[in-house]
Amino acid sequence: MMFFLDDQQREFARSLNSLLAASGPPGVIRAWASGDHATGRTLWARLADAGVFALAVPQEHGGLGPLPVELTVAFTELGRHAVPGPVVETVAAAALLDRLGDGAAAATWLPGIAEGRTIASLCLLSADSPYALDADAADAVLVVDGDTVRLAVRAGPVQSSMDPARRMSRPSGGQVLARGPAVTTAAAHAADVAALATAAQSLGLGRTLLAHTVTYAKQRSQFGVAIGSFQALKHRLADALIGLEFAEPLVHAAALALAQDDPASGRDVAAAKLAACEAAWNAARTGLQIHGALGYTEELDLSLWIRKARALRSAWGSPTTCRARVLT
Amino acid sequence: MDLHFTAAEEAFRAEARAWLTAHVPRIPLPSLETAEGFAAHREWERMLSADRWSVVSWPEEYGGRGASLLEWLIFEEEYYSANAPGRVGQNGISLLAPSLFEHGTDEQRARILPPTARGDVIWAQAWSEPESGSDLASLRSTATRTDGGWLLSGQKTWASRAAFADRAFGLFRSHPGADRPHHGLTYLMFSLRAPGVSVRPIRRIDGKPAFAELFLDSVFVPDEDVLGEPGQGWRIAMSTAGNERGLTLRSPGRFSAAADRLTALWREQADPADTAVRDRVADAMIGARAYRLFTYAAASRIAAGGTLGPESSMNKIFWSELDIALHETALDILGPYGELAHEAVEAPEYGSWAEGYTFSLAGPIYAGTNEIQRDIIAERLLGLPKGRR
């Protein structure tokens, strides 16, 4: 047993982290939120060059995957920098297309996803969401309804989210790409990939929320001392760290289960999704509280992380859904 | 990255399971915090030891199997899923022995470890004092130099197992002029039956004498029972807290087994429409799984040459809170039967949920309260400034 990331995986994380830090995420996020996708698409292309989307695409279609463990490594870094756009939906769409058993659809879309030319969004009506994320920015919007998958042609008006970088809309119309039991199976797998990527992304969000809040607690002085010397704050921050530290191995183990097509992988993914999203949300609440009124402002960049953590908690498997699944 | 066990590890698991299936008593032993139960648990330790299952991770020469940390985790998983008795020898096995391995002499290891492994010597711990709990380094019991050894005087308290144990280990102030409180302490081992020792059992919240006060009046301890260098006791007591002891105080097997039993109880007895209870059962399952995986990660890092640091503080908070939540959930599912005490004839599952619940309540308090652990995490892992406690 070697249940930790190897040198190569850690190096991959480090290089993505530097790439993302250099891209100035808050500016990209705010532009994306206003409907200006230019800087987001530039960043998307860089991520593709680094191999992020290829991790979800099989080699026969120009990818490197599927490599769920590396995918969680990458998505933790995307979360650390709150990268906007349908990153989760694109890798989940790739997982769907890969498993449809429809060679033509796979050959049409997967190489573009791997190379970063194609931004995809995905709406699984079976997952109780009528919305596709960032359909206005996507080159392909896939909609699964029961045993049918369609390539949507229209999207309704954008419904703004509490995470301003998440732009939701109802997709409609379009041609049927595939129909039959393979679609249902592929959609369930895609939902697992989406939940796993969301969990990893949440871990990263939580890490940043905690790190910035710890820094602030060391700098901010009241009553003549750093507020981080007060036990009430220390204990909240310690709890935030515990949540993240114990969620991380659940995320890695769920990735291993998916990599091996373990029949119990759905339960493992649900446990990871719940723990990671709860931990991120706890880090967000702690961050908000410790930043005081400053944390409650739109101007503070960290507010983008706080709001995303809340949105991801419900995306691709609510806490209730995840808990029910753990006991199936 | 992988979560695989080798064929040898799987064989070890199968061997442990077979032995436990054949030997674990069908009806749980009486509580180890009673005279009768203590004796029964000591016999159980002897039975474990006879087939070399009492201290699997120790070298063979001391009664172990030289098992790796991962094999130890496997053994513990099997141990608790077999519903085997609590370990009355735990203080000696997982608190004292790691210090002996790291700081003791060959003579001490040869003399002390085998009877500890056999259950012939059961150890109590003697850290806390009436005025020194969380602030342990302020302790005042003294060790005074005398011909061929030390004379111990003072008062220790919350000495777990001391009501029925044979020997105890603890820290004593040997160099009163030292510059800082945690300097000048010496780690000593002594007999609870030595002249000058009085043991006054303390009843824990359910009335059982789970710990005791120790009154020490010029108790002679020979030099051979000093662990490590005199004056270095604090460092010795703390050094093993960071590595294996941090990992082995409460093994994940215990919580995985309890979460499995809770899930079985929920499936058999809970109202499926009660989603509030279902969510708590799911949280117990997720928590137990997280703790198990977190420990696998730590164990494989150690096996690869890494070390553990203050992470053990996170462990302790996590399992102690999980343990309480898990038992609370079981008691709620049991409804009117949940409150039936361990001894009640009609208590479900021989009162194991009630006994486990009482035991769990102490978790956030002993071995450094969870508040102290949170301070350690905040200061040593997050780098926050020290402040008033």
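Visitor: Hi! Which side chains meet B:R111 and B:D225 in a salt bridge, and at what N to O distance?
Guide: Hello! The side chains of B:R111 and B:D225 pair with each other in a salt bridge, at 2.9 Å from N to O. Keep in mind that this is a predicted model.

Visitor: Where do B:R111 and B:D225 sit in the chain?
Guide: They link distant parts of chain B, 114 residues apart. B:R111 is in helix 5 (residues 106-118), while B:D225 is in the loop between strand 7 (211-222) and strand 8 (226-227).

Visitor: And B:D225, buried or exposed?
Guide: B:D225 is buried, with a relative accessible area of 5%.

Visitor: OK, over to chain A. What does A:K308 pair with in a salt bridge?
Guide: A:K308 meets A:D163, with 3.0 Å from N to O. The two are 145 residues apart: A:K308 belongs to helix 10 (residues 302-314) of chain A, and A:D163 to the loop between strand 6 (159-160) and strand 7 (167-169).

Visitor: Is A:K308 buried or exposed?
Guide: Buried, since the relative accessible area of A:K308 is 5% and the cut-off for buried is under 20%. A:D163 counts as buried too, at 1%.

Visitor: What about A:R99, what does its side chain meet?
Guide: The side chain of A:R99 forms a salt bridge with A:D261, at 3.3 Å from N to O. This pair also links distant parts of the chain, 162 residues apart. A:R99 is in helix 5 (residues 87-99) of chain A, and A:D261 is in the loop between helix 8 (231-259) and helix 9 (265-291).

Visitor: How accessible is A:R99?
Guide: A:R99 is partly exposed, with a relative accessible area of 34%. A:D261 is partly exposed as well, at 48%.

Visitor: Which residues are linked in a network of salt bridges?
Guide: The network takes in B:E10, B:R13, B:R17, B:E77, B:E78 and B:R292.

Visitor: New topic: what domains does chain B have?
Guide: The domain assignment gives domain 1 (7-88), domain 2 (123-232) and domain 3 (241-381).

Visitor: How much area is buried between domain 1 and domain 2 of chain B?
Guide: About 720 Å², with carbon and sulfur atoms giving 57% of that. On the domain 1 side, B:E33, B:F38 and B:R42 supply 69% of the area buried against domain 2, more than any other three residues.

Visitor: How many residues are in contact across domain 1 and domain 2 of chain B?
Guide: Eight residues of domain 1 are in contact with eight of domain 2. The C-alpha centres of these two domains of chain B lie 29 Å apart.

Visitor: Now the two chains. How much area do chain A and chain B bury between them?
Guide: About 3800 Å², 72% of it on carbon and sulfur atoms. A:M1, A:F246 and A:L327 supply 24% of what chain A buries against chain B, more than any other three residues. The contact takes 40 residues from chain A and 45 from chain B.

Visitor: How many salt bridges and polar contacts cross the interface of chain A and chain B?
Guide: The rule finds four salt bridges, and 13 residue pairs in polar contact. The side chains of A:D239 and B:R374 meet in a salt bridge, at 2.7 Å from N to O.

Visitor: Which helix of chain A gives the most to the side that touches chain B?
Guide: Helix 8, with 16 residues. By class, the side of chain A that touches chain B has 26 nonpolar, eight polar and six charged residues.

Visitor: Last one: what is B:F101 in contact with, leaving aside its neighbours within four places in sequence?
Guide: B:F101 is in contact with B:W58, B:P59, B:Y62, B:R109 and B:L113. B:F101 lies in helix 4 (residues 90-103) of chain B and is partly exposed, at 28% relative accessibility.

Note on methods:
Residues are numbered from 1 along each chain as its sequence is written. Chains are lettered from A and ligands numbered from 1 in the order in which they are written. This is a predicted model: local features need pLDDT of at least 70, side-chain atom pairs count only at pLDDT 80 or more; totals for chains, interfaces and linings use all residues. Side-chain values use heavy atoms; hydrogens and water are left out. Helices (H or I, at least four residues) and strands (E, at least two) are DSSP runs, numbered from the N terminus. Buried means under 20% relative accessible area, exposed over 50%, partly exposed in between (1.4 Å probe, protein chains only). Contact means heavy atoms within 4.5 Å. Domain bounds come from an automatic or database domain assignment. Buried area is the accessible area (1.4 Å probe) that two parts lose on being put together, summed over both. A polar contact is a pair of N or O atoms within 3.5 Å; within protein, one must be able to donate a hydrogen and the other to accept it, and residues adjacent in sequence count only if both atoms are side-chain atoms. Ala, Val, Leu, Ile, Met, Phe, Trp, Tyr, Cys and Pro count as nonpolar, Asp, Glu, Lys and Arg as charged, and the others, Gly among them, as polar.
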